[in-house]
Amino acid sequence: MNIQVLGAHNCERQGLKLISLLIDDVLAIDAGSLTSSLSLEGQQKIKALLLTHQHYDHVKDVPTLAMNLFLSGTTTRVYTIKPVRDAVIRHLLNEEIYPDFRQKPTPNPTLSFTIIEPGKLLQIEGYSILAVPVNHSVPAVGYQVTSADGQAVFYTGDAGPGLADYWRYVSPQLLIIEVTAPDKYTEWAAESGHLTPGLLKQELESFGEVNGYLPRVVAVHMNPALEEEIAAEIAVVAKSLGGSITLGYEGMELNL
Ligand SMILES: [Zn+2]
Ligand SMILES: [Zn+2]
C-alpha cells in the first residue's frame, strides 16, 4: 500500500496544504488539498473519496474536484457519515455556492454519495474500510483501510482524547493521527476535540495496552505557526515511548 500525504496541515499557505491522503492513487481520504496537489489525470484516477467530518479543511475540495471532473463522464463515489453528507450538500453543493453534482450532468452525475455506518466493515475498491467514531466538536470518524494483502493504516481525522475506547477495533501497521497544537494548548485541545503531543502520548500508551504493540506513527493536521513547538514535544514523546513518531509533510510517501 502506498500512501501519499498530499496535505498535512490544518491551515493553508504557500507550500503548506490542508489535510488529504491518497492511497494507491485511487482512494482519497479527506479533501483539503486534492485539486491543488494532483494533476487532472491524477484527480480522474480517484475512484472513492472518504470524508472524516464536515469541517472546511476536510471538505474544501469536494466542489473543486467535482468541477474538474464535470463532463468527464465519470462518477466519483464519496463515502461518509450522514451528517457530513448533509452538511456538504446543504452548504457547498446547494445550487448557490456550487451545483449539486449528484444530479448533473445526466445520465452520469459527477458525484455519488454513500452513507456509511461506523463499525460496519465495507469493501471499497478492493480495500476493507472500517469507520470508527472519534471525539470531535462535530460528528466525526476515523478510517482503517486494509489492503487485500492485509496491510492496514488507521487515520484518525480530527480527534480529541478518548481514542482508547476504540483501539480494540483497529490494528494498523501505520497510524496517521492528528496533533494540532503543542502542550500549552492542552485545555483548548481537549475541549475542541484535538490532540497535543502530551495527549498523543496518553492515547498511544492506551493503544499499547489494548493491542500490545506500538505502530509506526505519523502526526498530521499541525497548525503551521506552532509546528516547531509540536515537533520538539513529539520528539520527547517518541523517545519516552521508544517508538517511531514523525511529522507528516506535503509530498510524504509512506509504504506498507
Ligand atoms: Zn475538525
Ligand atoms: Zn481539521
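A crossing of two helices is called left-handed if the near helix is turned anticlockwise from the far one by less than a right angle, and right-handed if clockwise. By this convention, helix H7 passes helix H8 in a right-handed crossing; helices (H or I, at least four residues) and strands (E, at least two) are DSSP runs, numbered from the N terminus. The model is predicted, local features need pLDDT of at least 70, side-chain atom pairs count only at pLDDT 80 or more, and totals for chains, interfaces and linings use all residues. Residues are numbered from 1 along each chain as its sequence is written, chains are lettered from A and ligands numbered from 1 in the order in which they are written, and side-chain values use heavy atoms, with hydrogens and water left out.

H7 covers residues 197–211 and H8 residues 227–241; the two pack at an angle of about 25 degrees, with their axes 9 Å apart. Axes are lines fitted to C-alpha atoms, for helices over the stretch in contact, and angles run from 0 to 180 degrees between N-to-C directions. The angle therefore makes H7 roughly parallel to H8 (under 35 degrees; over 145 is roughly antiparallel, 65 to 115 roughly perpendicular and the rest oblique). From H7, Pro197, Leu200, Lys201, Leu204 and Glu205 meet Ile230, Glu233, Ile234, Val237, Ser240 and Leu241 of H8, where contact means heavy atoms within 4.5 Å. The residues of this contact comprise 7 nonpolar, 1 polar and 3 charged (nonpolar: Ala, Val, Leu, Ile, Met, Phe, Trp, Tyr, Cys and Pro; charged: Asp, Glu, Lys and Arg; polar: the others, Gly among them).

Turning to the sheet, 7 strands in the order S6-S5-S4-S3-S2-S1-S14 form an open sheet of mixed pairing, two strands being paired if DSSP finds at least two bridges between them. Its edges are S6 (111–115) and S14 (252–255), each pairing on one side only. Inside the sheet, S1 (residues 2–7) and S2 (residues 20–23) run antiparallel and are joined by 4 bridges; Val5 has Leu21 in S2 as its bridge partner.

Glu250 sits in the loop between S13 (245–247) and S14. Beyond its neighbours within four places in sequence, Glu250 touches Val5, Leu6, Gly7, Ala8, His9, Gly15, Leu16 and Lys17. Its side chain reaches the backbone nitrogen of Ala8 at 2.8 Å, and a polar contact of 2.7 Å links the side chains of Glu250 and His9. A polar contact is a pair of N or O atoms within 3.5 Å; within protein, one must be able to donate a hydrogen and the other to accept it, and residues adjacent in sequence count only if both atoms are side-chain atoms.
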